[in-house]
Amino acid sequence: MRTLIATAFVSLDGVVEAPGGEPGHRSSGWTFKDIEFDEAAYEIKGREQEEAAAMMMGRVSYEAFSPVWPTLDYFPQYNVMPKYVVSSTLKEDQLVDNWGDITILRSLDDVAALKETEGGPISIHGSATLNRNLSDAGLIDRYHLLVFPVLLGAGKRLFSETDKDKQLLKVVESESYSNGIQKLVYDVVR
């Protein structure tokens, strides 16, 4: 069984939208514009590249990442590993051909079936809506969170407001950094 890992930059109030400067959010780029850079805080991002066997994202994140990430030299492992895009609307002829093997999954049932296969961890990038839906369906196994010391108010959130049973998490790693970022790694307790 494969492990599904949600990895996110998140504000203290739970917003995950536009951390890297994506257009459309009034505080776009909030992870670097007002937060002092501390290289140690991002160590987990390099480790994620080394440990992941595949990437997963929703259509919106795929459309944002696919024109850019294949050209970046600081994502070498991500650029060659298999990718899964969860979308009911993306068509095969809309996939880029310079970013390794890309498979479209059409439903959460397809994600659940993928998790049952052999292989290493799958890392979910971006994809606020997909993360919320996977979490609500009980499909996420681990969270890799970098929590930033900022309150954004509005924006896409990591977790939904769905009325559901509580879900316990177990801290497996945590660290605080000089710039106020908190690294929190949680396993979902089953």
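How much of the accessible surface of the protein belongs to carbon and sulfur atoms? In this predicted model, the accessible surface comes to about 10000 Å², and 51% of that area belongs to carbon and sulfur atoms. Of the 190 residues of the protein, 45% count as buried.

The protein has five helices and eight strands, which follow one another along the sequence in the pattern β-α-β-α-α-β-β-α-β-α-β-β-β. The radius of gyration is 16 Å, close to the 16 Å that the globule rule gives for 190 residues, so the protein is as compact as a globular protein of that length. Taken along the principal axes, the C-alpha atoms fill a box of roughly 40 × 40 × 30 Å. Among the contacts with a separation of 6 or more, 70% are accounted for by residues 24 or more positions apart.

The largest pocket has a volume of about 1400 Å³, and of the 42 residues that line this pocket, Pro 19, Glu 22, Phe 65, Trp 69 and Gly 126 are the closest to its centre. At least two residues of the lining are supplied by each of β1 (4-11), α1 (43-51), α2 (59-65) and α5 (128-136). By residue class, the lining of the largest pocket divides into 24 nonpolar, 13 polar and five charged residues.

The second largest pocket has a volume of about 200 Å³; of the 13 residues that line it, those closest to its centre are Ser 135, Tyr 143, Lys 164, Gln 167 and Val 188. The lining of the second largest pocket divides into five nonpolar, three polar and five charged residues.

Terms used: Residues are numbered from 1 along each chain as its sequence is written. This is a predicted model: local features need pLDDT of at least 70, side-chain atom pairs count only at pLDDT 80 or more; totals for chains, interfaces and linings use all residues. Side-chain values use heavy atoms; hydrogens and water are left out. On a 1 Å grid over the protein atoms alone, a cavity is a set of points where a 1.4 Å probe fits but cannot get out, and a pocket is an open set with protein on both sides within 12 Å along at least five of seven lines; lining residues have an atom within 4 Å of a point. Grid points are joined across faces, edges and corners, and a volume is the space filled by probe spheres set on the points. Helices (H or I, at least four residues) and strands (E, at least two) are DSSP runs, numbered from the N terminus. Ala, Val, Leu, Ile, Met, Phe, Trp, Tyr, Cys and Pro count as nonpolar, Asp, Glu, Lys and Arg as charged, and the others, Gly among them, as polar. The radius of gyration is taken over C-alpha atoms; the globule rule is 2.2 Å times the number of residues to the power 0.38. Buried means under 20% relative accessible area, exposed over 50%, partly exposed in between (1.4 Å probe, protein chains only). Contact means heavy atoms within 4.5 Å. Accessible areas come from the Shrake-Rupley method with a 1.4 Å probe; for residues, only the protein chains shown count as cover.
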